Amino acid sequence: MGNLVLAGPSNPGISAKVDSQRSINWYPVKPEREGDRVHLRGRPGLELHCTLPKSPIRGVLDFTGRFFCVAVARVYEVYANGTYRDWGAIGSVEGKVTMAALLDVIVIGDGSGYYALDLAAGTISVITDAPRGRFCVFYNQRILYQGENGQVFYSELNDATNIPGLNFFTAEGLPDEIVAITTAEDQILLHGADSTELWYDSGDADNPFQRISGGSVYSGCGWPDTALRLDNASWWVETDKDGAGIVRRLQGTTALRVSTSAVERFTATATNLSAHSYQEEGHTFYVLNADQGTWVFDLKSQEWHERAWLNRNTGEQERSRPEAHVFCYGLHLVTDYESGKVYRQSLAYHSDAGQEIRRTRVSAHADQSGRAVIVDELFLDFATGVGLVTGQGSDPKVMLRVSHDGVTFGRERTASLGKIGQFRNRVRFHRLGRGTDFLFEISVSDPVLSVLMDGDVKVRVGAR
């Protein structure tokens, strides 16, 4: 077999015999220049920043370098040192909220209506002129408010809570209700359940918002909390008259398909789909969460991978903890999807706030056109010598399971990843048995730097 390519995406097929590849808590990094190596990099870990007294956290906002969030009914500001301030309460206790800011006012939409946190006055009040809705966005010195019956209301310039009764426009090109609003470049995207309309600010003093000519996109948003702006474009998970589940990115007036068939099988049965994004070391990520798991698209590599949190009570891999993200105080701060915890997220962390991260790569099929082979040795090219000084990870291990039939895996074996400074350590496994269709499942769970390049397999080939 020779060289074994390991640095790849998650792309499980409808059957393991079709495609087996999975990258869980590892993502592929492609070379930027000649001589660089393709490798798998461990996803960032978490460290606890603070725990808010209320949970869960319903929405977040980074405003002028300050971090605001809503947990149950309370509105908090979280500071760089992990302390926080309680600014007061809104009138609801459950469901997602959206937040937007203009000058010293933060607007919060909870589905029943909108609230204004006045930072100068220190008060929270209902915006009586606002419609019933949840999505609010800042756009060209105004706040746009999602309303009902296809209407979007807008504030006066630089006055978030002043919304005259005639300050609205209506999505009329296609007959469906607005479920989310995003902005990208100079466009406003009104996401309906079956379609999307594109609008812009014409600058007209009396009627500033106009629909873009030809700006009707026959792609709706099936999960409003997946709609966001990323890389100066709008992204969402689609529904339309023909079906649902494709991840879309708008380019011009064309909704491009970003997802793969594997991701679409995931979204087809997923519940509580939501998304957030972040950028680190030149990689920009669209993180798609659901009750059933987490899939992540890396714009730099154009590949999908999976992320998971290891439940120490059950031993099962579950959806990752981060639900929302802000970059604030020079930190990546993420909120836990079911608690009041706020974490710092970084590639420098190799555990989830003390809980081990199990990183797993399942290889592509390695076969010899149906011939039986005997695998004498598997060499895995890791960054070695990364052990810690003491405790778990002082002698980190690589775990391996082998499938001889392309479906079922055998017992787990281990090899050393190398104690601290043992850079010449080689990760090798011997006498891996006889089979016709080999798969290799490689895992690392110690809290150390985890970088996997590729592998090499020594085999003897037999008859069919």
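On strand 4 (residues 39-42), His39 and Arg41 point one way while Leu40 and Gly42 point the other way, and all are buried. Buried here means under 20% relative accessible area, with exposed over 50% and partly exposed in between (1.4 Å probe, protein chains only). Helices (H or I, at least four residues) and strands (E, at least two) are DSSP runs, numbered from the N terminus. In a regular strand the side chains alternate between the two faces of the sheet.

The model is predicted, so local features need pLDDT of at least 70 and side-chain atom pairs count only at pLDDT 80 or more, whereas totals for chains, interfaces and linings use all residues. Residues are numbered from 1 along each chain as its sequence is written, and side-chain values use heavy atoms, with hydrogens and water left out.

Two strands pair if DSSP finds at least two bridges between them. Strand 4 runs antiparallel to strand 3 (residues 26-29), with four bridges joining them; histidine 39 in strand 4 is the bridge partner of valine 29. Strand 4 is also joined to strand 45 (residues 451-461) by two bridges, again antiparallel. There leucine 40 stands opposite leucine 452 of strand 45.

As for the cysteines, the structure holds zero disulfides, a disulfide being a pair of cysteine sulfur atoms within 2.5 Å. Cysteine 221 is in no disulfide, and the nearest cysteine sulfur, in cysteine 136, is 16 Å away. Cysteine 221 is buried, at a relative accessible area of 2%. For cysteine 328, the closest cysteine sulfur belongs to cysteine 69 and is 11 Å away, too far for a bond. Cysteine 328 is buried, with a relative accessible area of 1%.
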